[in-house]
Amino acid sequence: PFYIFDAEGNPRGLDNDILQSMRVPVSDHLGLNISPEIELRRLPWNSMIEAAKNHQVDIIVAGITRTRQREKDFDLIFSTPYYHIPKGLVVPVSSTLESPRDYIDKRIAYSEGFTSEEMAKWLTNDVVPVNNQSEELLLEEIISGNADAGIMDYNTASSWAEQSEYM
């Protein structure tokens, strides 16, 4: 995982390992050892970018996808991408939708604040924003018929498709 918390509430995962590597003392041009102090703050997903924009935090460690819109809107500097996660489209088993043209007049659910929002709006004007804290809510929108499809990370989409009798 990129970032999770263990049973004691301690951060773990790849992103945390990268953050912790910043604590290793480095030598500056004068030969002094510098070990930066790092204060970890656990913030809800939808408030992280705003916290950086308002200078309440210096670094966001959360696997945020770099987009032109985020760079423009929030004046953020991103690291070099180190992992690419494609998007997946989740549809009911009974769906006849096959190509992007088929989605033009369909309702597509997405998690607010994620890059799936951009893809949903590219496919159709009839989007269904879903609380970004739960992909289960996104799937409920599809199962209940409130959305014809949903967009999420491919790994999550394929896992849900394998486990659900509806997808």
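1. A residue is called buried when its relative accessible area is under 20%, exposed when over 50%, and partly exposed in between (1.4 Å probe, protein chains only). By this criterion, 28% of the 167 residues of the chain count as buried.

2. The structure is a predicted model, in which local features need pLDDT of at least 70 and side-chain atom pairs count only at pLDDT 80 or more, while totals for chains, interfaces and linings use all residues. Residues are numbered from 1 along each chain as its sequence is written, and side-chain values use heavy atoms, with hydrogens and water left out.

3. The chain contains six helices and eight strands, where helices (H or I, at least four residues) and strands (E, at least two) are DSSP runs numbered from the N terminus. Their order along the sequence is β-β-α-β-β-α-α-β-β-α-β-α-β-α.

4. Contact here means heavy atoms within 4.5 Å. Among contacts between residues at least 6 apart in sequence, 46% join residues at least 24 apart. The accessible surface of the chain, by the Shrake-Rupley method with a 1.4 Å probe, comes to about 11500 Å², and carbon and sulfur atoms hold 50% of that area.

5. The second largest pocket holds about 300 Å³ of space. Its lining comprises 17 residues, of which Ile 49, Arg 70, Phe 74, Gly 113 and Glu 117 are the closest to the centre. Helix 2 (45-53), helix 3 (68-74) and helix 4 (116-123) are the elements that give two or more residues to this lining. A pocket is an open set of points on a 1 Å grid over the protein atoms alone, where a 1.4 Å probe fits, with protein on both sides within 12 Å along at least five of seven lines; lining residues have an atom within 4 Å of a point. The volume is the space filled by probe spheres set on the points.

6. By class, this lining of the second largest pocket has four nonpolar, six polar and seven charged residues. Asp, Glu, Lys and Arg count as charged; Ala, Val, Leu, Ile, Met, Phe, Trp, Tyr, Cys and Pro as nonpolar; and the others, Gly among them, as polar.

7. Thr 124 sits in the loop between helix 4 and strand 7 (127-130). Thr 124 counts as buried because its relative accessibility is 3%. Its side chain reaches the backbone oxygen of Ile 104 at 2.8 Å, and a polar atom of that side chain lies 3.0 Å from the backbone oxygen of Lys 106. Beyond neighbours within four places in sequence, Thr 124 is in contact with Tyr 103, Ile 104, Asp 105, Lys 106 and Ile 108.

8. Asn 16 belongs to helix 1 (residues 14-21) and is buried, with a relative accessible area of 5%. The side chain of Asn 16 reaches the backbone oxygen of Pro 11 at 3.2 Å. Not counting residues up to four places away in sequence, Asn 16 touches Phe 2, Tyr 3, Pro 11 and Val 61.

9. Phe 114 lies in the loop between strand 6 (108-111) and helix 4. At 28% relative accessibility, Phe 114 is partly exposed. Phe 114 and Ile 64 are 50 residues apart in sequence and 8.6 Å apart in space, C-alpha to C-alpha.

Notes: Polar contact = N/O pair within 3.5 Å; in protein donor to acceptor, adjacent residues only side chain to side chain.
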